[in-house]
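I opened this notebook to record what I looked up in one protein model. The entries follow the order in which I consulted the structure.

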Amino acid sequence: MAGTTVAELLVETLEVAGVERIYGIVGDSLNAITEALRRRGRIRWVHVRHEEAAAFAASGESQVTGSLAVCAGSCGPGNLHLINGLYDAHRTRTPVLAIAAHIPTPEIGSSYFQETRPEALFRECSVYCETVSDASQMPRTVEAAIRAAVGRGGVAVVIIPGDVAMRPAAARGVPPKEALLPPTPLVRPADRDLDALADLLNRSSRTTLLCGRGCRGAHDGLIKLAETLRAPIVHALGGKDVVEYDNPYDVGMTGLIGFSSGYHAMKACDTLLVLGSDFPYRQFYPEGAKVAQVDIRAENLGRRTALTLGLVGDVSETLEALLPRLRRREDRAFLDACRVHYRDARADLDELADGVRPPIHPQHVARLLSELATEDAVFTADVGTPTVWAARYLAMNGRRRLIGSFLHGSMANAMPQALGVQAASPGRQVISLSGDGGFAMLMGDLLTLVQETLPVKLVIFNNGTLGFVEMEMKAAGLLETGVDLVNPDFAAMARAVGIHGVRVEDPRLLEGAIRDFLAHPGPAVLDAVTNRLELSMPPKVTGEQIRGFSLYLLKAVMSGRGDELIDLARTNIIR
Ligand SMILES: Cc1ncc(C[n+]2csc(CCOP(=O)(O)OP(=O)(O)O)c2C)c(N)n1
């Protein structure tokens with residue numbers, strides 16, 4: 001390929017945008033692009049084993065760097081495999097560009113081999129999704145895609161037929177980085193709206209703050225706000241690594257897997273201020289309280305609960321302008337009561353995070369990981385109970401990060417996200433808290449850790465079941481169905497592919513096993529055989545759940561499973 005091709009212009013544009021790697025699997029429709037990458041030699045092709053892992057890896061990378069990350073798939077099934085990971089990135093509002101190669105232009109619309117409709121497929125999980133059908137569209141199309149992904153925070157998809165990628169490029173050059181990447185603007189509400197918010201807060205006597213991922217960078221302002229208003233701070237899971245640390249106003253998380261203290265601080269306030277959170281579960285919001293919300297996205301305002309006041313703004317900027325307008329409240333009674341409740345809830349949870357006789361309790365694993373990980377470790381957690389243990393037992397400190405699939409809620413996110421985080425942060429400790437079900441779902445990409453020499457530390461909570469769903473079934477009064485997992489010895493399996501593998505079944509050996517596994521310089525697997533029958537109750541156990549669980553117990557006794565129920569009681573009560 002002599003001269004500049006469309007593919008080379010695409011790659012050059014990505015280089016200017018600062019892209020360092022592309023996750024994907026090759027295919028002939030991608031040939032022009034992979035050849036351009038090879039010839040130019042600046043962007044690394046990270047060869048994964050499943051395109052879904054490529055998309056999750058890009059999602060993980062961009063969440064930890066805050067910058068654009070890229071994945072690619074060949075035409076038809078190749079790019080179709082990206083979709084689930086792209087949904088995750090899109091819902092997390094993290095900038096990812098997906099290059100979806102397409103079938104040859106003359107064949108489009110003929111039900112050709114591998115033909116799909118990528119524009120229709122990717123539209124739903126992207127802020128930008130366009131096809132390059134003519135060489136003259138480049139590099140404008142990829143520029144627009146990059147600006148949309150970075151500026152709006154989300155996924156942009158560039159669909160490009162293999163033949164178009166090979167064509168000679170038009171003369172138009174690539175803009176400089178300053179013109180390519182949109183800077184983040186300062187956004188805050190107008191003065192009169194800040195006055196209205198200040199007035200609402202100054203007149204309230206029991207204010208609670210609900211803080212989410214939009215509070216990143218606003219830690220100091222939040223603490224000052226809570227101090228001024230004597231307000232407890234509740235967080236949604238996305239806000240955990242942003243607000244929980246160094247926080248004397250923290251009263252824990254709310255939601256299905258949260259703390260009872262977080263639940264009560266939300267329910268008992270007279271004014272709730274929601275900051276950078278789109279926490280979706282409506283039943284956790286207070287009834288009868290005034291609710292104000294600050295969010296950078298107008299469409300997030302009031303969609304979970306009715307608002308008294310909704311303002312558009314960046315949380316940090318808004319707080320800076322709001323604080324001088326607030327009167328300092330002296331009465332700390334509400335705050336103190338919420339803090340006492342939190343201390344008790346925390347103590348109850350901490351009691352569960354230990355053990356001296358098998359089986360190992362998963363809480364114990366999570367607590368030790370938290371204690372033994374480095375100060376700037378990045379944790380990823382699989383959807384399922386690993387997210388519960390991460391939320392409750394990993395201590396954050398402002399430097400650590402916690403990444404999951406908290407909005408899209410997909411299994412199998414943790415290992416590939418860790419892969420992307422590690423690729424982008426070579427010196428950092430990256431720990432994946434994987435479920436045995438979640439891990440097995442994208443298990444092929446364990447090989448990528450070896451091939452790419454990525455020293456990810458992978459903990460598998462090996463409970464032999466799709467545990468979270470098993471628990472949901474029981475709470476709904478059902479006998480569990482379709483949840484059993486017949487697992488191998490994951491540590492032996494890891495060793496067979498060249499990864500350091502440690503298996504642990506006895507809680508007395510757990511700390512040593514974790515130390516050994518974390519100290520290993522390369523990729524390592526800790527196969528932690530944990531209690532299948534662990535109860536991880538939600539913060540507020542409803543009458544319905546108690547009825548459901550009682551019904552399950554009755555059904556289990558009637559189907560002759562008395563021994564199992566004794567085990568359930570034994571492993572949850574006598575620890
Ligand atoms: C892709 C996908 N499939 C199914 C589900 C439904 N689901 C949510 S959690 C879960 C069980 C996860 O099991 P595992 O990874 O073993 O973790 P555990 O809960 O046992 O710790 C399932 C099946 C989902 N969220 N995502």
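**Entry 1. Basis.** I noted that this is a predicted model, in which local features need pLDDT of at least 70 and side-chain atom pairs count only at pLDDT 80 or more, while totals for chains, interfaces and linings use all residues. Residues are numbered from 1 along each chain as its sequence is written, and side-chain values use heavy atoms, with hydrogens and water left out.

**Entry 2. The ligand.** I looked up which residues surround the ligand. There are 18 of them, and the closest are Thr385, Asp436, Gly437, Gly438 and Gly467; a residue is near the ligand if one of its heavy atoms lies within 4 Å of it. I sorted this shell by residue class and found seven nonpolar, 10 polar and one charged. In this scheme Ala, Val, Leu, Ile, Met, Phe, Trp, Tyr, Cys and Pro are nonpolar, Asp, Glu, Lys and Arg are charged, and the others, Gly among them, are polar.

I then asked which helices each supply at least two residues of the shell. They are α17 (385-393), α19 (436-441) and α21 (467-475); helices are DSSP runs of H or I with at least four residues, strands are runs of E with at least two, and both are numbered from the N terminus.

Next I listed polar contacts, that is, pairs of N or O atoms within 3.5 Å; within protein, one must be able to donate a hydrogen and the other to accept it, and residues adjacent in sequence count only if both atoms are side-chain atoms. A polar backbone atom of Gly437 is 2.8 Å from an oxygen atom of the ligand. For Phe468, a backbone N or O atom lies 2.9 Å from a ligand oxygen. Asn463 contributes a polar side-chain atom, 3.0 Å from an oxygen atom of the ligand. The ligand on its own has 590 Å² of accessible area, of which the protein covers 78%; such areas come from the Shrake-Rupley method with a 1.4 Å probe, and for residues only the protein chains shown count as cover.

Entry 3. I traced an open sheet of six strands, in the order β14-β13-β15-β16-β18-β17, with parallel pairing; two strands pair if DSSP finds at least two bridges between them. Its edge strands, each pairing on one side only, are β14 (401-404) and β17 (500-504). Within the sheet, five bridges join β15 (residues 430-435) to β16 (residues 457-462), and Ile431 has Lys457 in β16 as its bridge partner. Helix α16 (residues 362-372) packs on the sheet and touches β13, β15, β16 and β18, its direction making about 165° with that of β16. Contact here means heavy atoms within 4.5 Å, and axes are lines fitted to C-alpha atoms, for helices over the stretch in contact, with angles from 0 to 180 degrees between N-to-C directions.

**Entry 4. Another sheet.** I traced an open sheet with the order β2-β1-β3-β4-β6-β5, again six strands in parallel pairing. β2 (44-47) and β5 (128-131) are its edges. Three bridges link β1 to β3, where Tyr23 has Cys71 in β3 as its bridge partner.

**Entry 5. Backbone details.** I found a cis peptide bond between Met138 and Pro139, with omega about 10°; Pro139 is in the loop between β5 and α7. The bond from Pro358 to Pro359 is also cis, with omega near 0°.
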